[in-house]
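Open the model in your viewer and keep the selection panel at hand. This tour says what to select next and what is there.

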There are 2 protein chains.
Amino acid sequence: MKKNVIVGQSGGPTAVINASLYGVVSEALKRSDSFDKVYGMVNGIEGFLNGHIMDMKPLEESGELELVKTTPGSYLGSCRYKLPEDLNDEVYPALFRRFEEYGIGYFFYIGGNDSMDTVSKLSRYAEGIQSDIRFIGVPKTIDNDLVLTDHTPGFGSAAKYVASTVREVAVDASVYDNKKSVTIVEIMGRHAGWLTAASVLARKFEGDNPVLIYLPETAFDQETFISQVQDALEKVPNLVVCISEGINDGKGTFVCELASDVGVDNFGHKMLTGSGKYLENLVKARLGVKVRSIELNVCQRCSSSMLSAADHQEAIGAGAYGVQAALAGETGKMISFKRIEGDTYKMEYAAEDVNQICNQEKTVPLDWITNNGSDIGQAFIDYALPLVQGSVEVPEENGLPKFAYRK
Amino acid sequence: MKKNVIVGQSGGPTAVINASLYGVVSEALKRSDSFDKVYGMVNGIEGFLNGHIMDMKPLEESGELELVKTTPGSYLGSCRYKLPEDLNDEVYPALFRRFEEYGIGYFFYIGGNDSMDTVSKLSRYAEGIQSDIRFIGVPKTIDNDLVLTDHTPGFGSAAKYVASTVREVAVDASVYDNKKSVTIVEIMGRHAGWLTAASVLARKFEGDNPVLIYLPETAFDQETFISQVQDALEKVPNLVVCISEGINDGKGTFVCELASDVGVDNFGHKMLTGSGKYLENLVKARLGVKVRSIELNVCQRCSSSMLSAADHQEAIGAGAYGVQAALAGETGKMISFKRIEGDTYKMEYAAEDVNQICNQEKTVPLDWITNNGSDIGQAFIDYALPLVQGSVEVPEENGLPKFAYRK
């Protein structure tokens with residue numbers, strides 16, 4: 001008897017997490033010789049536990065699935081539910097009873113580190129009870145911080161959004177070019193500076209804005225920063241500086257913590273706010289020039305206006321490849337991207353042990369960070385440029401982007 | 001002997017101020033029977049006073065002018081230089097000596113209220129000295145606050161950016177739909193709420209996000225606000241609230257002033273910051289739900305990613321019509337938009353007395369603001385929807401938007 005497929009999404013949204021959902025669902029629906037039903041879990045593993053699932057077939061029939069492909073955010077809804085470390089916890093048999101109830105043979109989870117932790121735990125539990133359900137992770141994160149993959153779906157579109165927005169902010173900053181000014185752009189990234197590094201792509205020539213770029217990978221020193229800003233202002237009067245939200249002193253103190261109290265989310269991550277605002281006030285006080293800070297905020301992960309065609313295609317492909325890998329017998333794996341060496345960009349899909357991936361963080365190589373921690377080198381540009389190529393047309397309705405919504 | 005044309009840009013940038021520049025320049029270059037040279041003033045009237053001008057013809061020859069058409073910000077650079085009220089000030093003869101030096105017969109200034117003030121003063125001074133130079137204002141402002149015109153170029157694209165971004169923020173906010181949350185989006189607009197009102201276009205059905213919208217036109221009361229948020233959360237757990245930066249208590253105190261000190265710019269405008277942040281903290285303290293605030297910031301005026309085709313075409317047309325009006329003998333006028341009554345949107349250009357426009361502000365009609373100051377009615381939707389229609393393709397180079405830059 002044919003088994004059913006279930007797919008879920010978890011963690012923060014990206015511009016292409018639904019493209020991967022499209023990839024899983026459309027590929028699984030194509031393989032009706034191998035699968036019976038294709039379900040989506042609503043609000044991730046947490047919703048699934050409460051029996052919130054939906055049949056995905058009608059979406060294909062109504063044409064809605066095509067719209068899902070270019071809808072940002074998590075169509076199925078997300079959760080930040082962390083499975084217990086203890087595999088003897090009662091939640092595991094409860095989940096596997098649900099799997100049995102719904103005839104699930106194949107489980108796909110689209111997400112970042114924490115979601116891969118879910119895939120890891122479920123596949124290990126399955127192994128322990130000799131279940132033959134196959135568990136596959138499909139990567140997703142604008143942070144690009146997953147190990148054992150060249151990059152992650154979601155990063156390319158976020159990088160394109162960041163780079164083009166920084167280019168536009170630099171245009172905006174330069175209109176009064178007879179007066180010195182500093183614009184500080186704060187970009188997402190707690191521990192990994194990939195997305196902030198992508199701001200370098202906005203630069204059109206050596207010495208162009210953004211002149212200074214700071215990542216969390218290197219220790220941030222306020223005095224060095226002030227002197228670097230001062231020097232840069234001599235050459236570029238309308239200076240644009242890009243910083244990661246997670247810049248820190250290298251000893252565990254975030255710059256934003258200098259300004260305000262912080263909370264902790266339920267994965268134990270510090271919740272950050274205000275590095276840009278803090279530095280805005282610092283520059284104003286120390287250098288007396290016009291300063292403003294801009295937090296790119298959630299738009300960098302949810303905007304559909306700067307989808308990278310390369311990223312979008314790979315996100316769909318990762319989902320489809322996940323289905324193929326599961327059919328080929330893989331379980332406890334995350335789909336990964338391998339870059340093929342050569343003059344032109346080529347990538348192939350693979351499947352890596354999810355246990356080696358979850359709860360790890362891949363940061364920007366230190367030798368890609370240049371000029372005393374204030375700039376990004378050519379190695380990163382060569383790495384990132386292929387990932388932002390091409391654009392994707394998002395359908396419009398009455399002058400605004402048309403998205404798919406769960407009924 | 002044929003006279004020369006000069007065109008300048010002033011005030012804050014918009015997504016289409018360069019489209020109007022394109023309109024003036026391309027139309028003037030076409031009329032070589034009427035005009036000799038076409039100059040641009042670099043950094044507005046202030047740069048012109050210092051002799052900073054450029055010949056625009058080579059831009060057309062090199063094809064750069066086509067790129068100017070979709071470049072956000074002010075290609076020629078801007079200024080915030082206010083001409084003295086006293087027409088006997090020595091700056092006026094200095095400026096007219098410059099006009100004579102460059103053989104200027106036609107002066108075009110693209111900008112908002114303050115720029116129309118410049119056109120008004122120059123045309124009045126010209127009348128006083130019996131100069132035959134013609135002075136024409138071409139409107140530009142995302143604020144849409146100029147009187148005697150149905151709307152202003154720049155508003156449509158900014159409105160489209162705001163509405164689509166708010167729609168995406170609402171998608172982002174809804175992924176954890178099992179937990180109550182409030183997202184406050186702060187939108188530009190000191191005294192006129194047009195752009196904030198445009199957030200209503202993001203709504204797909206009655207009761208959809210953004211559920212609450214607050215403009216500076218009506219008095220903002222914190223207690224009413226808290227109770228409206230509380231009520232709305234009962235129906236929409238992931239609530240999106242849009243506010244103008246300039247919301248105030250109706251007695252002259254801005255909400256942001258409750259939180260922080262403010263400065264004054266050199267036009268005597270209060271410089272605002274932080275209404276959204278203030279309300280974020282208020283909601284957190286009073287309702288104890290998850291809250292975040294997002295400041296759309298400069299992206300709403302400088303993004304090229306959501307150009308409205310309708311706005312873009314009208315911005316070009318306003319520039320071209322300005323040239324035609326000057327040729328027809330007009331001076332001391334601003335180009336205006338007249339909407340033709342009817343079932344489908346139709347607009348025609350006109351020229352209005354600039355003295356009746358400068359230093360005035362057109363705010364949102366109070367009867368377009370509904371639900372006790374917390375919502376926007378159908379009259380506004382009918383007004384704004386035609387202005388955001390259609391999209392414009394911006395050329396890409398290496399995966400990022402390609403813009404024109406002054407050499």
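**Before you start**

This is a predicted model: local features need pLDDT of at least 70, side-chain atom pairs count only at pLDDT 80 or more, and totals for chains, interfaces and linings use all residues. Residues are numbered from 1 along each chain as its sequence is written, chains are lettered from A and ligands numbered from 1 in the order in which they are written, and side-chain values use heavy atoms, with hydrogens and water left out.

**Stop 1: aromatic pairs**

Show the rings. Over all chains, a search of the whole structure finds 46 aromatic pairs. Rings of Phe, Tyr and Trp (its six-membered ring) pair if their centres lie within 6.5 Å; planes under 30 degrees apart count as stacked, over 60 as edge-to-face and the rest as tilted.

Select A:Phe35 and A:Tyr106. Their ring centres are 4.8 Å apart and the planes stand at 80°, so this pair is edge-to-face. The pair links distant parts of the chain, 71 residues apart: A:Phe35 is in strand S2 (residues 35–41) of chain A and A:Tyr106 in strand S4 (residues 104–111) of chain A. Helices (H or I, at least four residues) and strands (E, at least two) are DSSP runs, numbered from the N terminus. Are A:Phe35 and A:Tyr106 buried or exposed? A:Phe35 is buried, and so is A:Tyr106. Buried means under 20% relative accessible area, exposed over 50%, partly exposed in between (1.4 Å probe, protein chains only).

Move on to A:Phe107 and A:Phe135. Here the centres are 5.1 Å apart and the planes at 50°, so the pair is tilted. This pair also joins distant parts of the chain: A:Phe107 is in strand S4 of chain A and A:Phe135 in strand S5 (residues 134–139) of chain A, 28 residues apart. A:Phe107 and A:Phe135 are both buried.

Now widen the selection. A:Phe107 and A:Phe135 belong to one aromatic cluster with A:Tyr39, A:Phe48, A:Tyr92, A:Phe96, A:Phe99, A:Tyr102, A:Tyr109 and A:Tyr125.

**Stop 2: lysines over rings**

Show both chains. Select A:Lys204 and B:Tyr405. The charged end of A:Lys204 sits over the ring of B:Tyr405, 4.1 Å from its centre. A charge sits over a ring if NZ of Lys or CZ of Arg is within 6 Å of the ring centre and within 35 degrees of the ring normal. Then select B:Lys204 and A:Tyr405. B:Lys204 lies over the face of A:Tyr405, at 4.1 Å from the ring centre.

**Stop 3: backbone**

Which peptide bond is cis, with omega near 0°? Select A:Asn209 and A:Pro210: the bond between them is the one. A:Pro210 is in the loop between helix H8 (194–197) and strand S7 (212–214) of chain A. In chain B, the bond from B:Asn209 to B:Pro210 is cis, with omega near -5°.

Next, A:Gln130. Its phi is positive, about 55°, although it is not a glycine. A:Gln130 lies in the loop between helix H6 (113–128) and S5 of chain A. A:Gln130 is exposed, with a relative accessible area of 75%.

Jump to B:Asn398. Its phi is near 55°, a positive value in a residue other than glycine. B:Asn398 is in the loop between strand S16 (396–397) and strand S17 (400–401) of chain B. At 48% relative accessibility, B:Asn398 counts as partly exposed.

**Stop 4: a buried serine**

Select B:Ser244, in strand S8 (residues 238–244) of chain B. Its relative accessibility is 0%, and B:Ser244 counts as buried. Leaving aside neighbours within four places in sequence, B:Ser244 is in contact (heavy atoms within 4.5 Å) with residues including B:Ile187, B:Thr196, B:Tyr214 and B:Ser275.

**Stop 5: crossing helices**

Select helix H9 (residues 222–235) and helix H10 (residues 275–287) of chain B. They pack at an angle of about 65°, with axes 11 Å apart. Axes are lines fitted to C-alpha atoms, for helices over the stretch in contact, and angles run from 0 to 180 degrees between N-to-C directions. H9(B) and H10(B) are therefore roughly perpendicular. Angles under 35 degrees count as roughly parallel, over 145 as roughly antiparallel, 65 to 115 as roughly perpendicular and the rest as oblique.

Finish on B:Gln222, in helix H9 of chain B. At 22% relative accessibility, B:Gln222 counts as partly exposed. B:Gln222 touches B:Leu258, B:Tyr278 and B:Leu282, not counting residues up to four places away in sequence.
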